[in-house]
Amino acid sequence: MPHPILPTSLPGRQRGLTLIESLVSLALLASLSTWSLPGLQTWVLRTRLETAREAWLNDLQTARAQALQSGAEISLTRRTDCPWLGDSHDWSCGWQLGRTDATMPLAITVLGGHVQVQFSGGDRLRINSRGEPLSAGANMKFRVPNAADGSLASIVCLNIAGRLHVQNGETCA
C-alpha cells in the first residue's frame, strides 16, 4: 500500500533523465573512451604483428610437412607484386609456398603492408626434402612501422639445426 503522504509520482512530471544528466553521462563516457583509446590502438598494432608472425610460422610448418611428404624441395618465396617493396629482404607484401621445381604455388599469403617483414636470407627460404631449412642462422623480423613503442617488434630465429626461436625485439639472443 502506498504511503498516504508521499505520492508515487508527481503530477505533471514525466519520468526519465533530464538534459543535464544526459550531458554529464555523455561527458563521462567521452572521457573514459579517450583514456582507453591509446591502449586499444596498441592492442590492434600488436595483433597485426602477431597475426603476420603466426601466418609465417604456419606456412613454414606447412612447407616442412610438404617437403617430407613429397620428398621434394619446397620454398617460401617473397611476393614481389606490391609497389611499396624495398630490397630483396622485404617480405611485407607476403609470400608464397611452393615446390622449388614448379611454377604453381601451393599457397599464397598476402599481407597488407601494416607490418614490416624482413628476412635476412634474401627473397627465398628453401626447405630440403628432409624438412630442414637451408638458411641456418637466418632470421625473420616483424615490426610495426612508425610505432612509438619499441616493443612492437618480434623476431623468429632459425638456428644451425633448423630449430625456431621466437622472441620479442629485433635481434636474436
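Residues are numbered from 1 along each chain as its sequence is written, and side-chain values rest on heavy atoms, with hydrogens and water left out. Since the model is predicted, local features need pLDDT of at least 70 and side-chain atom pairs count only at pLDDT 80 or more, while totals for chains, interfaces and linings use all residues.

Let's start with the cysteines. Searching the whole structure turns up two disulfides, a disulfide being a pair of cysteine sulfur atoms within 2.5 Å. Counting bonded cysteines along the chain, the pattern is 1-2, 3-4. Strands (E, at least two residues) and helices (H or I, at least four) are DSSP runs, numbered from the N terminus. C82 and C93 are both buried; here buried means under 20% relative accessible area, exposed means over 50%, and partly exposed is in between (1.4 Å probe, protein chains only).

The other disulfide joins C157 to C172, again with S to S at 1.8 Å, and is left-handed, at -105 degrees about the S-S bond. C157 belongs to strand β7 (residues 153-158) and C172 to the segment after β8 (164-168), so this pair ties together parts that are 15 residues apart in sequence. C157 is buried, at 8% relative accessible area, whereas C172 is partly exposed at 37%.

Next come the charged pairs. A salt bridge is a side-chain nitrogen of Lys or Arg within 4 Å of a carboxyl oxygen of Asp or Glu, and by this rule there are six. One of them pairs R126 with E73 at 2.9 Å, N to O. This pair links distant parts of the chain, 53 residues apart: R126 is in strand β5 (residues 124-127), and E73 is in the loop between α1 and β1 (74-78). R126 is partly exposed at 37%, and E73 is partly exposed at 25%. Another salt bridge brings R53 and E54 together at 3.4 Å, N to O; R53 is buried at 12%, while E54 is partly exposed at 36%.

Finally, L19, L23, L26 and L29 make a nonpolar surface patch of about 440 Å². L23 lies in helix α1 (residues 19-70). Patches take residues with over 30% relative accessible area and no salt bridge, joining like charges within 9 Å and nonpolar side chains (Val, Leu, Ile, Met, Phe, Trp, Tyr) within 5 Å. Accessible areas come from the Shrake-Rupley method with a 1.4 Å probe, and for residues only the protein chains shown count as cover.
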